[in-house]
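Biologist: I'm new to this one, so please pick a single part and take me through it slowly. Spell out your terms as you go.

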Amino acid sequence: MRALVRQAVRDIRTAPPPPPADPPADQAVAALRRVVDDVAASTYAIGELMLEVAPACLSDTGAADILGLLFQQIDEPLEHGLAARRYAMSGDRRALHRTVL
């Protein structure tokens, strides 16, 4: 059942934006871009896990009630988990600004 729901959610979400067409000339910028892409991909996967615990039908407040203890136990800011959850719902990296990225 989880796999079916997970696939359905993936099918209706917006895919993350494609990488820029022209790679940057500066190797340091290219390396940094790869790191940011890796962090975003990992955060998307974490967000999917957060959606299993606190489904998308819940507001951030409702999700915070459910996820608060988990994030307290793993010593991570709750806002990071909520941002990952929003990113997994929307596929929009702007959900991560000023929290994870």
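Modeller: Let's start with Tyr44, which is buried, with a relative accessible area of 15%. Here buried means under 20% relative accessible area, exposed means over 50%, and partly exposed is anything in between, using a 1.4 Å probe and protein chains only. Before going on, keep in mind that this is a predicted model, where local features need pLDDT of at least 70, side-chain atom pairs count only at pLDDT 80 or more, and totals for chains, interfaces and linings use all residues. Residues are numbered from 1 along each chain as its sequence is written, and side-chain values use heavy atoms, leaving out hydrogens and water.

Tyr44 has an aromatic partner. Two rings of Phe, Tyr or Trp (its six-membered ring) pair if their centres lie within 6.5 Å, and planes under 30 degrees apart count as stacked, over 60 as edge-to-face and the rest as tilted. By this rule there is one aromatic pair. The ring centres of Tyr44 and Tyr87 are 5.2 Å apart and the ring planes sit at 85°, so the pair is edge-to-face. Because Tyr44 belongs to helix H2 and Tyr87 to helix H4, the pair ties together parts 43 residues apart in sequence. Tyr87 is buried too, at 2% relative accessibility. The helix names come from DSSP runs numbered from the N terminus: H or I of at least four residues for helices, E of at least two for strands.

Now for the two helices themselves. Two packed helices are described by the angle between their axes and the distance between the axes. Axes are lines fitted to C-alpha atoms, for helices over the stretch in contact, with angles running from 0 to 180 degrees between N-to-C directions. Angles under 35 degrees count as roughly parallel, over 145 as roughly antiparallel, 65 to 115 as roughly perpendicular and the rest as oblique. The axes of H2 (residues 27–53) and H4 (residues 78–90) come within 7 Å and cross at roughly 95°, so these helices are roughly perpendicular to each other. On the H2 side, the residues making the contact (heavy atoms within 4.5 Å) include Ala40, Thr43, Tyr44 and Gly47, and on the H4 side Gly81, Arg85, Tyr87 and Met89 are among them. The contact residues split into nine nonpolar, three polar and two charged. Ala, Val, Leu, Ile, Met, Phe, Trp, Tyr, Cys and Pro count as nonpolar, Asp, Glu, Lys and Arg as charged, and the others, Gly among them, as polar.

Met89, in helix H4, is partly exposed at 28% relative accessibility. Its C-alpha atom is 7.9 Å from that of Gly47, although Met89 and Gly47 are 42 residues apart along the chain.

Asp60 is partly exposed, at 29%. Asp60 and Arg85 are linked with Glu79 and Arg86 in a network of salt bridges. Glu79 and Arg86 pair up with their closest N and O atoms 2.6 Å apart.

Definitions and conventions. A salt bridge is a side-chain nitrogen of Lys or Arg within 4 Å of a carboxyl oxygen of Asp or Glu.
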